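Please keep the sequence and the model in view while reading.

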Amino acid sequence: MVVTESWIKKEFIKFNSLYFDGKLPMPIIKLSHARTQLGALAYKNEWLLGRRIRCFDYTIKLSTYYDMTERQAQNILIHEMIHYYIAYFRIRDSRPHGVKFQKMASDLNRKYGWEIKAIEVAKDWKVAEYYRKKEEQKSPRQYLVLALKVNSGKYYFCNISPKLMPNLKKNICIEKKFYNMVGIRHKIVILRVCLFAGL
């Protein structure tokens with residue numbers, strides 16, 4: 001399944017009642033297309049004289065990039081709800097996935113059979129059809145790569161923005177003079193590398 005805002009809201013209401021005593025107000029719900037951040041909690045802070053006096057506009061985002069099982073999506077949502085609970089009630093924790101977070105996640109995992117993790121890796125997850133088709137339709141991308149060979153025989157490679165190409169030859173001449181002054185023999189080559197999307 002690919003998550004929707006209505007699905008997130010429905011599940012949020014259910015889990016809020018079951019696991020958080022209905023104490024969490026409905027946050028702003030958004031969808032993202034992130035590949036690595038499957039879920040996120042964000043909020044704004046109001047400061048007065050260097051002290052945070054309130055947090056507001058709590059937002060939970062879930063990624064639509066993957067075709068998840070309902071169970072995977074539920075684990076991610078509950079993960080973000082734990083962050084929300086900690087932030088909303090200003091519970092001090094040692095770090096974002098600190099002792100308090102770990103205890104709440106562990107309790108829910110043990111009591112209710114969830115698999116809430118501090119970090120969820122989606123390496124082998126199925127990409128949603130929309131994003132898969134979009135990736136397949138992308139044309140090959142070109143990269144400029146600067147290759148520098150020093151007299152020890154080592155090579156150094158650097159990806160270059162195509163915007164820098166007009167100034168590149170001038171900069172290479174300056175670098176040649178510098179290397180000649182310090183006695184380093186070198187060879188600079190600019191390679192055009194063509195990679196297909198997804199590689």
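## The A42–T59 pairing

In strand β3, T59 is the bridge partner of A42, and β3 (residues 51-63) is joined to β2 by 9 bridges, the two strands running antiparallel. Strands here are DSSP runs of E with at least two residues, helices are runs of H or I with at least four residues, and both are numbered from the N terminus; two strands pair if DSSP finds at least two bridges between them.

This is a predicted model, in which local features need pLDDT of at least 70 and side-chain atom pairs count only at pLDDT 80 or more, whereas totals for chains, interfaces and linings use all residues. Residues are numbered from 1 along each chain as its sequence is written, and side-chain values use heavy atoms, with hydrogens and water left out.

T59 is buried, with a relative accessible area of 10% (buried means under 20%, with a 1.4 Å probe and protein chains only). Leaving aside neighbours within four places in sequence, T59 is in contact (heavy atoms within 4.5 Å) with P27, I28, K30, A40, L41 and A42. The side chain of T59 also reaches the backbone oxygen of D57 at 3.1 Å.

## Sheet and helices

The open sheet consists of 3 strands in the order β1-β3-β2, with mixed pairing. Its edge strands, β1 (28-32) and β2 (39-48), each pair on one side only.

Helix α1 (residues 5-19) packs on the sheet and touches β1 and β3, its direction making about 135° with that of β1. Helix α2 (residues 70-88) lies across β2 and β3 and runs at about 175° to β3; axes are lines fitted to C-alpha atoms, for helices over the stretch in contact, and angles run from 0 to 180 degrees between N-to-C directions.

Definitions and conventions: Buried < 20%, exposed > 50% of the residue type's maximum accessible area, 1.4 Å probe, protein only. Polar contact = N/O pair within 3.5 Å; in protein donor to acceptor, adjacent residues only side chain to side chain.
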